[in-house]
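Try each task before reading its solution.

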Amino acid sequence: MSVALDLPALSPEEAAHSARLGERLREEIERAGGWISFARYMQLALYEPGLGYYSAGARKFGAAGDFITAPEVAPVFSRCLAVQCAEVLQTLGGGDLLEFGAGSGVMAATLLEELERRDALPRRYFILDVSADLRQRQQQTLAAAVPRLLERVEWLDRLPDGLEGVVVANEVLDAQPVERFVRRDAAIHALGVAWERGAPTWSEAPAPEPLARAVLSLERETGVAWPEGYTSEINLGLGNWMAAVSAVLHRGVMLFVDYGLPRREYYTPERSAGTLLCHFRHRFHDDPFARPGLQDITAWVDFTAVAESATAAGLDVAGYTTQAHFLIGAGIGEFVANVADLDVVERVNLSRQAMLLTLPGEMGERFKAMALARGYDAPLRGFASRDLRHTL
Ligand SMILES: C[S@@+](CC[C@H](N)C(=O)[O-])C[C@H]1O[C@@H](n2cnc3c(N)ncnc32)[C@H](O)[C@@H]1O
């Protein structure tokens, strides 16, 4: 597969892996008559068992991987999240915790440690991840970091029947398959995927009715006509996913952290090339066809859509704010101030973490936190310092 981007070279094993996924993609595209939707491509590229980026052995997280996430580089992120979880669990008088998409397991380990310190451990800590490959990695991380708490951790293959307590998901919504579309000749076209000259490539087709309807309604809501060639993404699977996930929560709070925007800011005419972003060894680019199976593919989250689907499922939008304000509310300042037990290197490291997580030019404003609640109306400290729900 030829790659025009200036990306690091592949090992022979990596090249062979990507070629195997390429073969799988080619078969699927041919079987479908020469064209598949971009969401289907993303599903295969990220989650095809044994081949997709999240379902096969690539390193993914951390310095030796492709990208960093807040819990990977800044444990104080998970400690603040634990403060918020502890508040909810204590208000409820106990409960369970469910984490979606636990990645390397690092956030689960820090969360459990901090919850233990605060005497607020959940009865059970469930992990549900679409990637079977990552489950093993999560088990290793937790066995090394918190062996005494391992018996509380349970890996699930499907959603539990019901849950009272807290649900958390960091950078999970941005990893869900999205459709891509373009506005052209006064109509909406789907940007799907064809197979040409031995590689997947963009291919425009009339948008199927559900996509066209959803996109035209987005454009109406933003109140401004998009220019010719305007391209963006939409997660058509979000409503069903949120409905299924919301149904699980009988009482308690779901906390989502991800990079994203309210709808009116996401779909402004100025953002005319969408938000698709691929990560390969810490290089960012926008070509989802470079190195299928070896690179992450993400799109920003439309938080208005998350709020709408949660509300439709009977949940309350209990909070929406920037990551920076969430962490400030949850007490990042206290963690940074209480450093009596830390040596100089650890103190410097902690202030670096706090800056990375909260500065507007770093992760502070691009990332947002949202709380969705059922049968829970106590205040949430992470959302007390700045309420941005009116922007949704
Ligand atoms: C970008 S990683 C984030 C990992 C981790 N939460 C972190 O912050 O480091 C995305 C994770 O979400 C998982 N994932 C994606 N879609 C999912 C879904 N629908 N349900 C559960 N896990 C999902 C992936 O397998 C992966 O573990």
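This is a predicted model: local features need pLDDT of at least 70, side-chain atom pairs count only at pLDDT 80 or more; totals for chains, interfaces and linings use all residues.

Residues are numbered from 1 along each chain as its sequence is written, and side-chain values use heavy atoms, with hydrogens and water left out.

**Exercise 1.** Find which residues come nearest to the ligand, then look up their polar contacts (pairs of N or O atoms within 3.5 Å).

*Solution.* 
- Step 1: Of the 19 residues around the ligand, those that come nearest are Tyr 47, Thr 69, Gly 101, Asp 129 and Asn 170; a residue is near if one of its heavy atoms lies within 4 Å.
- Step 2: Start with the backbone: a polar backbone atom of Gly 101 sits 2.8 Å from a ligand nitrogen, and a backbone N or O atom of Val 130 is 3.4 Å from a ligand nitrogen.
- Step 3: Now the side chains: a polar side-chain atom of Asn 170 is 2.7 Å from a ligand oxygen.

**Exercise 2.** Where do Glu 171 and Arg 291 lie, and are they buried or exposed?

*Solution.* 
- Step 1: Glu 171 is in the loop between strand 4 (163-170) and strand 5 (179-184), strands being DSSP E runs of at least two residues, numbered from the N terminus. Its phi is near 55°, positive in a non-glycine residue.
- Step 2: Arg 291 belongs to the loop between strand 11 (283-285) and strand 12 (296-298), with a positive phi of about 55°.
- Step 3: Most residues other than glycine have a negative phi.
- Step 4: Glu 171 is buried at 15% relative accessible area, and Arg 291 is buried at 9%; buried means under 20%, exposed over 50%, partly exposed in between (1.4 Å probe, protein chains only).

Note on methods. A polar contact is a pair of N or O atoms within 3.5 Å; within protein, one must be able to donate a hydrogen and the other to accept it, and residues adjacent in sequence count only if both atoms are side-chain atoms. Helices (H or I, at least four residues) and strands (E, at least two) are DSSP runs, numbered from the N terminus.
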